[in-house]
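Trainee: Could you go through this structure with me, starting with the charged pairs?

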Amino acid sequence: MAAEVSTTYTVPKLEDYSAAALDRAAAELQSALEQEAGAVQTEADHKNFRDRWMARKNGILTQINDLWLKAAPNEAKREVGRWVNELKIFVEQQIEKVQARISGGAQVSADKLDVTLPGTRRPLGAEHPVIKTMNDIVNVFRAMGYSVGTGPEIETDYYNFESLNFPPNHPARDTQDTLFIAGQESKPQRERLLLRTHTSPVQIRTMERQPPPVRVVIPGKVHRSDTADATHSPVFHQVEGLAVDNDITFCDLKGTLDHAMKALFGSDVKTRFFPSFFPFTEPSADVAVSCFKCGGKGCRICKQGGWIELLGCGMVDPNVFEFVKGNGYDPAKISGFAFGMGVERIAMCMYEIDDIQLFYQGDIRFLEQFA
Ligand SMILES: [Zn+2]
(Lines give C-alpha, C1' and ligand atoms only; values in the text may rest on other atoms or scores of the structure.)
Protein backbone atom coordinates (compact mmCIF):
# COMPACT_ATOMS: atom_id res chain seq x y z
CA MET A 1 0.00 0.00 0.00
CA ALA A 2 1.41 3.39 -0.95
CA ALA A 3 1.82 5.98 1.77
CA GLU A 4 -1.21 8.23 2.15
CA VAL A 5 -0.54 11.33 0.06
CA SER A 6 -1.10 14.43 2.12
CA THR A 7 -3.52 16.66 0.28
CA THR A 8 -4.11 19.21 3.00
CA TYR A 9 -2.83 22.13 0.93
CA THR A 10 -5.46 24.48 -0.39
CA VAL A 11 -4.83 27.60 -2.44
CA PRO A 12 -5.29 30.59 -0.12
CA LYS A 13 -6.69 33.93 -1.14
CA LEU A 14 -3.97 36.56 -1.20
CA GLU A 15 -4.34 39.34 1.40
CA ASP A 16 -2.22 41.63 -0.65
CA TYR A 17 0.04 41.52 -3.69
CA SER A 18 3.25 42.76 -2.08
CA ALA A 19 6.48 40.97 -3.06
CA ALA A 20 6.70 39.48 0.46
CA ALA A 21 3.15 38.11 0.30
CA LEU A 22 3.81 36.57 -3.16
CA ASP A 23 7.06 35.00 -1.97
CA ARG A 24 5.32 33.51 1.07
CA ALA A 25 2.49 32.10 -1.04
CA ALA A 26 4.98 30.65 -3.55
CA ALA A 27 7.08 29.04 -0.81
CA GLU A 28 3.98 27.43 0.77
CA LEU A 29 2.84 26.05 -2.57
CA GLN A 30 6.28 24.71 -3.46
CA SER A 31 6.73 23.02 -0.12
CA ALA A 32 3.27 21.37 -0.40
CA LEU A 33 4.04 20.24 -3.96
CA GLU A 34 7.38 18.69 -3.01
CA GLN A 35 5.87 16.89 -0.05
CA GLU A 36 3.08 15.40 -2.19
CA ALA A 37 5.55 14.50 -4.97
CA GLY A 38 7.76 12.63 -2.49
CA ALA A 39 4.83 10.46 -1.38
CA VAL A 40 3.97 9.25 -4.92
CA GLN A 41 4.92 5.54 -5.26
CA THR A 42 2.72 4.00 -7.91
CA GLU A 43 1.23 4.87 -11.28
CA ALA A 44 -2.14 5.27 -9.53
CA ASP A 45 -0.62 7.68 -6.99
CA HIS A 46 0.88 9.63 -9.82
CA LYS A 47 -2.40 9.94 -11.66
CA ASN A 48 -4.10 11.31 -8.54
CA PHE A 49 -1.18 13.67 -7.94
CA ARG A 50 -1.23 14.98 -11.51
CA ASP A 51 -5.00 15.39 -11.55
CA ARG A 52 -4.94 17.28 -8.24
CA TRP A 53 -2.45 19.80 -9.57
CA MET A 54 -3.14 19.93 -13.31
CA ALA A 55 -6.82 19.07 -13.82
CA ARG A 56 -8.42 21.70 -16.00
CA LYS A 57 -11.44 21.76 -13.75
CA ASN A 58 -10.52 22.77 -10.21
CA GLY A 59 -6.89 21.61 -10.31
CA ILE A 60 -4.54 23.67 -8.15
CA LEU A 61 -3.09 25.45 -11.18
CA THR A 62 -6.60 26.42 -12.26
CA GLN A 63 -7.31 27.67 -8.73
CA ILE A 64 -4.13 29.74 -8.79
CA ASN A 65 -5.30 31.27 -12.01
CA ASP A 66 -8.69 32.13 -10.56
CA LEU A 67 -7.71 33.12 -7.01
CA TRP A 68 -4.39 34.83 -7.61
CA LEU A 69 -4.22 36.09 -11.18
CA LYS A 70 -7.83 36.94 -11.98
CA ALA A 71 -8.32 38.52 -8.53
CA ALA A 72 -5.21 40.67 -8.83
CA PRO A 73 -5.67 44.42 -9.16
CA ASN A 74 -5.10 45.67 -12.69
CA GLU A 75 -1.81 47.43 -11.92
CA ALA A 76 -0.32 44.15 -10.46
CA LYS A 77 -1.70 41.78 -13.18
CA ARG A 78 1.38 41.87 -15.43
CA GLU A 79 3.77 41.11 -12.55
CA VAL A 80 1.45 38.46 -11.00
CA GLY A 81 0.93 36.83 -14.44
CA ARG A 82 4.68 36.34 -14.89
CA TRP A 83 4.94 34.95 -11.35
CA VAL A 84 2.02 32.52 -11.84
CA ASN A 85 3.57 31.28 -15.10
CA GLU A 86 6.83 30.50 -13.30
CA LEU A 87 4.88 28.54 -10.67
CA LYS A 88 3.05 26.61 -13.43
CA ILE A 89 6.36 25.63 -15.04
CA PHE A 90 7.70 24.56 -11.64
CA VAL A 91 4.62 22.39 -11.00
CA GLU A 92 4.81 20.76 -14.46
CA GLN A 93 8.51 19.99 -13.96
CA GLN A 94 7.83 18.36 -10.60
CA ILE A 95 5.09 16.22 -12.08
CA GLU A 96 7.39 15.11 -14.94
CA LYS A 97 10.17 14.26 -12.48
CA VAL A 98 7.83 12.09 -10.47
CA GLN A 99 6.65 10.37 -13.68
CA ALA A 100 10.28 9.59 -14.61
CA ARG A 101 10.98 8.22 -11.15
CA ILE A 102 7.88 5.97 -11.20
CA SER A 103 8.44 4.47 -14.69
CA GLY A 104 12.19 4.12 -14.07
CA GLY A 105 11.35 2.13 -10.97
CA ALA A 106 9.06 -0.14 -12.97
CA GLN A 107 11.91 -0.80 -15.41
CA VAL A 108 14.26 -1.84 -12.63
CA SER A 109 11.80 -4.23 -11.03
CA ALA A 110 11.12 -5.91 -14.41
CA ASP A 111 14.87 -6.49 -14.83
CA LYS A 112 15.30 -7.92 -11.35
CA LEU A 113 15.88 -11.65 -11.14
CA ASP A 114 13.25 -13.49 -9.16
CA VAL A 115 15.10 -16.60 -8.06
CA THR A 116 11.91 -18.19 -6.77
CA LEU A 117 10.37 -18.43 -10.27
CA PRO A 118 10.61 -21.86 -11.97
CA GLY A 119 13.36 -21.95 -14.60
CA THR A 120 12.90 -22.28 -18.35
CA ARG A 121 12.81 -25.98 -19.00
CA ARG A 122 14.80 -26.90 -22.10
CA PRO A 123 13.62 -30.08 -23.78
CA LEU A 124 16.24 -32.76 -23.28
CA GLY A 125 17.12 -35.01 -26.18
CA ALA A 126 16.95 -38.75 -25.75
CA GLU A 127 18.18 -41.79 -27.62
CA HIS A 128 16.07 -42.69 -30.63
CA PRO A 129 14.33 -46.03 -29.97
CA VAL A 130 16.24 -47.65 -32.85
CA ILE A 131 19.60 -46.45 -31.53
CA LYS A 132 18.62 -47.43 -27.99
CA THR A 133 17.67 -50.93 -29.11
CA MET A 134 20.87 -51.21 -31.16
CA ASN A 135 22.94 -50.19 -28.13
CA ASP A 136 21.04 -52.64 -25.92
CA ILE A 137 21.88 -55.49 -28.32
CA VAL A 138 25.51 -54.42 -28.67
CA ASN A 139 25.89 -54.21 -24.89
CA VAL A 140 24.70 -57.79 -24.44
CA PHE A 141 27.56 -58.97 -26.65
CA ARG A 142 30.11 -56.55 -25.22
CA ALA A 143 29.40 -58.12 -21.85
CA MET A 144 30.40 -61.46 -23.42
CA GLY A 145 33.74 -60.02 -24.52
CA TYR A 146 32.90 -58.99 -28.08
CA SER A 147 34.54 -55.92 -29.57
CA VAL A 148 32.49 -53.48 -31.65
CA GLY A 149 33.29 -53.01 -35.35
CA THR A 150 32.01 -50.53 -37.89
CA GLY A 151 32.56 -50.03 -41.61
CA PRO A 152 31.53 -47.95 -44.61
CA GLU A 153 27.91 -47.74 -45.72
CA ILE A 154 29.03 -47.36 -49.32
CA GLU A 155 30.73 -50.65 -50.13
CA THR A 156 32.27 -52.37 -53.07
CA ASP A 157 30.55 -55.28 -54.75
CA TYR A 158 33.47 -57.41 -53.53
CA TYR A 159 32.90 -56.80 -49.82
CA ASN A 160 29.11 -56.71 -49.96
CA PHE A 161 28.60 -59.77 -52.17
CA GLU A 162 31.55 -61.61 -53.67
CA SER A 163 33.64 -62.24 -50.55
CA LEU A 164 30.50 -63.31 -48.71
CA ASN A 165 29.97 -66.11 -51.18
CA PHE A 166 27.47 -64.36 -53.43
CA PRO A 167 29.23 -65.00 -56.77
CA PRO A 168 28.35 -62.67 -59.66
CA ASN A 169 24.97 -63.63 -61.16
CA HIS A 170 24.21 -65.91 -58.19
CA PRO A 171 20.44 -65.91 -57.57
CA ALA A 172 20.99 -65.15 -53.85
CA ARG A 173 21.82 -61.60 -54.92
CA ASP A 174 18.19 -61.13 -55.89
CA THR A 175 17.19 -61.30 -52.22
CA GLN A 176 19.34 -58.27 -51.46
CA ASP A 177 18.67 -55.89 -54.33
CA THR A 178 20.27 -52.54 -53.66
CA LEU A 179 21.22 -49.17 -55.14
CA PHE A 180 24.45 -48.92 -57.12
CA ILE A 181 26.40 -45.69 -57.46
CA ALA A 182 25.97 -44.47 -61.07
CA GLY A 183 28.69 -44.11 -63.69
CA GLN A 184 30.88 -47.09 -62.80
CA GLU A 185 30.32 -49.20 -65.90
CA SER A 186 33.99 -48.98 -66.81
CA LYS A 187 35.09 -50.58 -63.50
CA PRO A 188 35.38 -54.34 -62.95
CA GLN A 189 32.23 -55.56 -61.16
CA ARG A 190 33.95 -56.33 -57.86
CA GLU A 191 35.09 -52.69 -57.55
CA ARG A 192 31.74 -51.08 -58.24
CA LEU A 193 30.26 -49.12 -55.35
CA LEU A 194 26.85 -49.77 -53.85
CA LEU A 195 24.90 -49.08 -50.67
CA ARG A 196 25.63 -52.05 -48.44
CA THR A 197 22.72 -54.46 -48.02
CA HIS A 198 23.96 -55.85 -44.71
CA THR A 199 26.67 -55.18 -42.14
CA SER A 200 28.40 -58.44 -43.12
CA PRO A 201 31.12 -56.72 -45.23
CA VAL A 202 32.57 -55.59 -41.90
CA GLN A 203 33.10 -59.27 -41.02
CA ILE A 204 35.47 -59.59 -43.98
CA ARG A 205 37.12 -56.25 -43.23
CA THR A 206 37.66 -57.34 -39.61
CA MET A 207 39.21 -60.66 -40.63
CA GLU A 208 41.47 -58.84 -43.10
CA ARG A 209 42.69 -56.60 -40.29
CA GLN A 210 43.16 -59.13 -37.53
CA PRO A 211 44.06 -62.84 -37.42
CA PRO A 212 41.89 -65.22 -35.36
CA PRO A 213 40.57 -65.39 -32.70
CA VAL A 214 37.83 -62.85 -33.49
CA ARG A 215 34.74 -61.93 -31.54
CA VAL A 216 33.14 -58.84 -33.00
CA VAL A 217 29.68 -57.35 -33.04
CA ILE A 218 28.81 -54.92 -35.85
CA PRO A 219 25.96 -52.41 -35.57
CA GLY A 220 25.05 -50.23 -38.54
CA LYS A 221 22.76 -48.86 -41.20
CA VAL A 222 21.95 -50.92 -44.29
CA HIS A 223 19.98 -50.45 -47.50
CA ARG A 224 17.68 -52.55 -49.64
CA SER A 225 15.70 -51.73 -52.73
CA ASP A 226 12.43 -52.22 -50.82
CA THR A 227 9.29 -50.15 -51.08
CA ALA A 228 8.43 -48.52 -47.77
CA ASP A 229 5.42 -50.01 -46.00
CA ALA A 230 4.46 -50.90 -42.43
CA THR A 231 7.17 -53.56 -42.16
CA HIS A 232 9.72 -52.57 -44.84
CA SER A 233 12.03 -49.62 -45.21
CA PRO A 234 14.73 -49.01 -47.85
CA VAL A 235 17.02 -48.00 -44.95
CA PHE A 236 17.18 -49.93 -41.70
CA HIS A 237 19.64 -51.13 -39.07
CA GLN A 238 21.31 -54.42 -38.29
CA VAL A 239 23.51 -55.86 -35.63
CA GLU A 240 25.73 -58.69 -36.80
CA GLY A 241 28.21 -60.79 -34.94
CA LEU A 242 31.14 -62.99 -35.83
CA ALA A 243 33.16 -65.38 -33.70
CA VAL A 244 36.13 -67.27 -35.17
CA ASP A 245 38.51 -69.50 -33.24
CA ASN A 246 39.74 -73.07 -33.01
CA ASP A 247 37.00 -75.63 -32.45
CA ILE A 248 33.98 -73.33 -32.54
CA THR A 249 30.90 -75.46 -33.00
CA PHE A 250 27.19 -75.03 -33.58
CA CYS A 251 26.77 -75.62 -29.81
CA ASP A 252 28.72 -72.43 -29.14
CA LEU A 253 26.44 -70.59 -31.57
CA LYS A 254 23.29 -71.91 -29.90
CA GLY A 255 24.57 -71.18 -26.40
CA THR A 256 25.67 -67.66 -27.32
CA LEU A 257 22.41 -66.68 -28.99
CA ASP A 258 20.26 -68.33 -26.32
CA HIS A 259 22.11 -66.35 -23.67
CA ALA A 260 21.85 -63.12 -25.70
CA MET A 261 18.08 -63.49 -26.17
CA LYS A 262 17.61 -64.15 -22.45
CA ALA A 263 19.73 -61.08 -21.65
CA LEU A 264 17.60 -58.96 -24.01
CA PHE A 265 14.11 -60.27 -23.35
CA GLY A 266 14.28 -61.91 -19.93
CA SER A 267 15.56 -65.20 -18.57
CA ASP A 268 12.22 -66.96 -19.22
CA VAL A 269 12.44 -66.85 -23.03
CA LYS A 270 13.33 -69.96 -24.96
CA THR A 271 15.00 -70.11 -28.37
CA ARG A 272 14.29 -72.40 -31.32
CA PHE A 273 16.53 -72.94 -34.36
CA PHE A 274 15.11 -73.74 -37.82
CA PRO A 275 17.14 -74.72 -40.88
CA SER A 276 17.55 -71.82 -43.27
CA PHE A 277 19.83 -70.58 -46.04
CA PHE A 278 22.39 -67.78 -46.26
CA PRO A 279 25.20 -67.79 -48.84
CA PHE A 280 27.88 -67.03 -46.22
CA THR A 281 26.96 -69.65 -43.61
CA GLU A 282 26.63 -73.42 -43.77
CA PRO A 283 24.65 -74.81 -42.04
CA SER A 284 22.33 -71.82 -41.55
CA ALA A 285 19.41 -71.29 -39.20
CA ASP A 286 16.66 -68.85 -38.37
CA VAL A 287 16.13 -68.30 -34.66
CA ALA A 288 12.77 -67.79 -33.02
CA VAL A 289 12.28 -66.58 -29.46
CA SER A 290 9.31 -67.62 -27.36
CA CYS A 291 7.03 -64.60 -27.05
CA PHE A 292 8.23 -62.40 -24.20
CA LYS A 293 4.82 -60.73 -23.92
CA CYS A 294 2.51 -63.72 -23.60
CA GLY A 295 5.02 -66.38 -22.64
CA GLY A 296 4.04 -68.47 -25.66
CA LYS A 297 0.24 -68.53 -25.20
CA GLY A 298 -0.34 -66.36 -28.27
CA CYS A 299 -0.92 -62.62 -28.54
CA ARG A 300 -0.85 -59.73 -31.00
CA ILE A 301 2.96 -59.42 -30.86
CA CYS A 302 3.62 -63.05 -31.80
CA LYS A 303 0.61 -63.10 -34.14
CA GLN A 304 -0.90 -65.82 -31.92
CA GLY A 305 1.97 -68.20 -32.75
CA GLY A 306 3.76 -67.96 -29.40
CA TRP A 307 7.14 -67.55 -31.17
CA ILE A 308 8.81 -64.56 -32.76
CA GLU A 309 11.39 -65.05 -35.48
CA LEU A 310 14.16 -62.57 -34.76
CA LEU A 311 17.49 -63.50 -36.27
CA GLY A 312 19.50 -65.47 -38.76
CA CYS A 313 22.72 -67.31 -38.06
CA GLY A 314 24.98 -70.14 -39.06
CA MET A 315 28.49 -71.55 -39.15
CA VAL A 316 30.76 -69.45 -41.37
CA ASP A 317 30.94 -71.04 -44.82
CA PRO A 318 34.50 -72.29 -45.55
CA ASN A 319 34.24 -70.43 -48.90
CA VAL A 320 34.18 -67.15 -46.95
CA PHE A 321 37.37 -68.05 -45.07
CA GLU A 322 39.07 -68.71 -48.43
CA PHE A 323 38.95 -64.93 -49.08
CA VAL A 324 40.97 -64.19 -45.90
CA LYS A 325 42.96 -67.42 -45.76
CA GLY A 326 46.25 -65.47 -46.00
CA ASN A 327 45.56 -63.81 -42.65
CA GLY A 328 45.36 -67.04 -40.65
CA TYR A 329 41.83 -68.13 -41.56
CA ASP A 330 42.59 -71.58 -42.93
CA PRO A 331 39.18 -73.30 -43.12
CA ALA A 332 40.89 -76.61 -42.38
CA LYS A 333 42.08 -75.31 -38.99
CA ILE A 334 39.59 -72.77 -37.74
CA SER A 335 35.83 -72.41 -37.61
CA GLY A 336 33.35 -69.77 -36.63
CA PHE A 337 29.77 -68.64 -36.49
CA ALA A 338 27.96 -65.51 -37.57
CA PHE A 339 24.56 -64.08 -36.77
CA GLY A 340 22.56 -61.02 -37.68
CA MET A 341 19.36 -59.32 -36.65
CA GLY A 342 17.24 -56.38 -37.75
CA VAL A 343 17.18 -53.70 -35.08
CA GLU A 344 13.85 -52.15 -36.14
CA ARG A 345 12.14 -55.54 -36.02
CA ILE A 346 13.35 -56.14 -32.47
CA ALA A 347 12.41 -52.59 -31.41
CA MET A 348 8.93 -53.05 -32.92
CA CYS A 349 8.42 -56.23 -30.88
CA MET A 350 9.85 -54.76 -27.69
CA TYR A 351 7.79 -51.56 -27.81
CA GLU A 352 4.73 -52.99 -29.61
CA ILE A 353 5.05 -50.65 -32.59
CA ASP A 354 3.11 -51.79 -35.64
CA ASP A 355 4.47 -49.41 -38.29
CA ILE A 356 8.21 -49.25 -39.03
CA GLN A 357 7.77 -45.84 -40.69
CA LEU A 358 7.15 -44.24 -37.27
CA PHE A 359 10.87 -44.60 -36.58
CA TYR A 360 11.85 -42.34 -39.46
CA GLN A 361 9.16 -39.63 -39.43
CA GLY A 362 10.73 -37.59 -36.64
CA ASP A 363 7.35 -37.00 -34.98
CA ILE A 364 8.12 -35.73 -31.48
CA ARG A 365 4.83 -37.13 -30.14
CA PHE A 366 6.06 -40.60 -31.04
CA LEU A 367 9.70 -40.15 -30.03
CA GLU A 368 9.09 -38.51 -26.65
CA GLN A 369 7.44 -41.70 -25.43
CA PHE A 370 10.94 -43.19 -25.31
CA ALA A 371 12.59 -40.25 -23.54
ZN1 LIG B 1 2.79 -63.48 -27.77
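**Charged pairs and other features**

Mentor: Let us start with Glu79, which counts as partly exposed because its relative accessibility is 44%; please keep in mind that this is a predicted model.

Trainee: Which side chain does Glu79 meet in a salt bridge?

Mentor: The partner of Glu79 is Arg82, with 2.7 Å from N to O, and Arg82 is likewise partly exposed, with a relative accessible area of 47%. Both belong to helix H4 (residues 74–111), where being three residues apart separates them by about one helical turn.

Trainee: How many salt bridges does the structure hold?

Mentor: There are 15 salt bridges, and one of them joins Arg300 to Glu352, whose closest N and O atoms are 4.0 Å apart. Arg300 sits in the loop between strands E7 (281–290) and E8 (307–316), while Glu352 sits in the loop between helices H10 (343–351) and H11 (364–367), so this pair ties together parts that are 52 residues apart in sequence.

Trainee: Which residues are linked with Arg300 and Glu352 in a network?

Mentor: Lys293 and Asp354 join Arg300 and Glu352 in a network of salt bridges.

Trainee: New topic: which residues are buried in helix H3?

Mentor: In H3, which spans residues 60–70, the buried ones are Ile60, Leu61, Gln63, Ile64 and Trp68. They lie on the same side of H3, because they cover an arc of only 150 degrees around the axis.

Trainee: And what is Asn246 in contact with, beyond its neighbours within four places in sequence?

Mentor: Asn246 is in contact with Lys333 and Ile334, and its own place is the loop between strand E5 (235–245) and helix H8 (250–265).

How values were computed:
Residues are numbered from 1 along each chain as its sequence is written. This is a predicted model: local features need pLDDT of at least 70, side-chain atom pairs count only at pLDDT 80 or more; totals for chains, interfaces and linings use all residues. Side-chain values use heavy atoms; hydrogens and water are left out. Helices (H or I, at least four residues) and strands (E, at least two) are DSSP runs, numbered from the N terminus. Contact means heavy atoms within 4.5 Å. Buried means under 20% relative accessible area, exposed over 50%, partly exposed in between (1.4 Å probe, protein chains only). The arc is that of the directions from the helix axis to the C-beta atoms.
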